[in-house]
Every structure is written in structure tokens, then in C-alpha cells.
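Visitor: I would like to go through the surface and the pockets of this model. Please take the questions one at a time.

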Amino acid sequence: MADKDDVKEGKEFHVNTPAVNEPFFLKGSGALDWGMQNRLAQIFNPKSGRTVMLAFDHGYFQGPTTGIERIDIDIKPLIPYADVLMCTRGALRSMIPAETNKPVVLRCSAGQSILTELSNELVAVNIEDSIRLNVAAMAAQVYIGAEYEHKSIQNVIKLIDTGTRYGIPTLAVTGVGADMQRDQRYFSLATRICAEIGAHYVKSYYFEPGFENVVAGCPVPIVIAGGKKLPEMEALEMAYKAVDQGAAGVDMGRNIFQSDSPIGMTQAVGAVVHQNEKPEKAYEIYETVKAEGGGK
């Protein structure tokens, strides 16, 4: 308790300086509560307004895919170079050091494998567990046009409703089936639906032409998925085009952890996303780290 002796009256109230209410920097997030904005500000860099998320949640339906057979060996060295970790609660608890000072976006949908219908998911994490794990956001897949479209939308709505109660944002991840056309019409529909039901940001794919129109038509931030493994220069070019056309960052997995130099690739992607570095210059960063032996 403060000492009551020698209490001094306030003198300088800056009466001629108006109070400033600074707008929140992130698209579509100005009306959110402080806790929600604070978590989003951990995910997105307030200076660049963008993020580099490291996705290694693939095992929840793919098993031990190439590059993440041993998360403790394959992913741990990359943590310092990413802004955000996107993973499952099992991987987080068993293999990510608790002293890690990076925000976590928790994969909260599951219920199927690559051997079955991918859209048939459920909410696999209770909100109390998300709170226990101190996550910055929760994520679930939305399969627009798929067999279980309604169920996947319902899953995300559940996360949004429970997350809002406790100030935890929700990331809606647009899943694309083999029979779906990856074009402006599809992604305009999918991303807008995600935003309209209340998702705080959306993970989608980069495509040409028309990506900038999808970003403009979505009232919340879009981050792009890395998708299948590409040559490093192609992945950097994709990241550059995406942020140049309005994306708020990337959520990359295979294009980082399956690279010949995952650390170099993480740094190169970060340079593109946060510093607007051209792909050629970013590729030099990747090559330099690789040459110095910075594979992992």
C-alpha cells in the first residue's frame, strides 16, 4: 500500500493537449476488446502489420510427414526466426519448450485423416484447454463446397463464440478439396463467409489473377498458406506477390521445414513479409545462411 505521508497534489494535467485514442492497426479489428486486440498484436507485428506464422500442425491428419518427423529436432531451431507457432496441443505440450516466448495459434479442429473425407471435422479442443495453454488464437478449417461444409462452419462458429467470451481470436482456415477451382470466385466466397460469421482473420491461398480483389473484399486480414513444397525462389515470389497485393502475411509449413535450409528460408520469408524485400534479395539471405551451414 502506498505511504499516506507526504502525498503531493497532481499539478501537470496537460489541459491543452487533447487525449489521444489511437486506432488499432489491424484491419477489421478496431471494435474488439483490449484482450482480443492484445493477442492479435502478438500475432501481427504492429510496425509492419504482418506476420510470419510457422505451421507444423500437419500431423493431425497427415501423420509424421517429411520435415516434421521429429518436431523437437526439426522445428525447435526455427522458433527464434518465426513470429508465431501454429501447432496442435499435443505437439505444444510434448515438444515445444515452455520458455518459448512466441505466440501460439492452436489447431483446434480434428477428427479425420488423409484416408477419409477431410471435411468431416469436429472441434477437438475445449476452450478451457486453450486458456490453460495461453494461446494467442484458435484455428479450425472451413470447407466451403465440400460434403461437410455445414459442419465445418459450425465448428468455426463454436470457436468464435467461446473464444470471444474469453478474449481469444479465431483463425478460419479455408480448405480446398480436389474438385474445387482455386480461383477468385471460390476464394471470394470462402474468405467472405469466414469473415461474415465472425472469424478475426482468415488463412487462404495465393492465386492469380484476382487475389487482390479477394483481399479487398474480405473485411479482416488474410494470411496465405504456403501449400505444397515449391522451389525456394518460387515460394519467395509467391510470398512477395501476396503481401504486395494486400495479404497480412504468411502461414508456411512445407516451404520452410522441407527446405534445404529451414532457418535460411524462415529468415528470407521474414525479410519479404516485414521488410518488403524483393524475392531475389531474400533468396540471397537463404543462400547465405545455407552456405554458412544454417540448415537447422
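Visitor: Is Leucine 115 buried or exposed?
Guide: The model is predicted. In it, Leucine 115 has a relative accessible area of 77%. The cut-off for exposed is over 50%, so Leucine 115 counts as exposed.

Visitor: Where is Leucine 115 found?
Guide: Leu115 makes a nonpolar surface patch of about 320 Å² together with Ile114 and Leu118. As for its place in the chain, Leucine 115 is in the loop between β4 (109-110) and β5 (122-123).

Visitor: Which element gives the most to the lining of the largest pocket?
Guide: The largest pocket holds about 620 Å³ of space. Its lining has 34 residues, and those closest to the centre are Phe61, Gln62, Gln141, Tyr205 and Arg254. At least two lining residues come from each of α2 (59-62), β7 (170-174) and β8 (201-204). With three residues, the element that gives the most is α2.

Visitor: How many residues of the lining of the largest pocket are charged?
Guide: The lining divides by class into 12 nonpolar and 12 polar residues, along with a charged group. The number of charged residues is 10.

Visitor: How many nonpolar residues does the lining of the second largest pocket have?
Guide: The second largest pocket has about 290 Å³ of space. Its lining is made of 15 residues, with Thr100, Lys102, Val104, Leu133 and Asn134 nearest the centre. By class, four lining residues are polar and two are charged, and the number of nonpolar residues is nine.

Conventions
Residues are numbered from 1 along each chain as its sequence is written. This is a predicted model: local features need pLDDT of at least 70, side-chain atom pairs count only at pLDDT 80 or more; totals for chains, interfaces and linings use all residues. Side-chain values use heavy atoms; hydrogens and water are left out. On a 1 Å grid over the protein atoms alone, a cavity is a set of points where a 1.4 Å probe fits but cannot get out, and a pocket is an open set with protein on both sides within 12 Å along at least five of seven lines; lining residues have an atom within 4 Å of a point. Grid points are joined across faces, edges and corners, and a volume is the space filled by probe spheres set on the points. Helices (H or I, at least four residues) and strands (E, at least two) are DSSP runs, numbered from the N terminus. Ala, Val, Leu, Ile, Met, Phe, Trp, Tyr, Cys and Pro count as nonpolar, Asp, Glu, Lys and Arg as charged, and the others, Gly among them, as polar. Patches are made of residues with over 30% relative accessible area and no salt bridge: like charges are joined within 9 Å, nonpolar side chains (Val, Leu, Ile, Met, Phe, Trp, Tyr) within 5 Å. Accessible areas come from the Shrake-Rupley method with a 1.4 Å probe; for residues, only the protein chains shown count as cover. A salt bridge is a side-chain nitrogen of Lys or Arg within 4 Å of a carboxyl oxygen of Asp or Glu. Buried means under 20% relative accessible area, exposed over 50%, partly exposed in between (1.4 Å probe, protein chains only).
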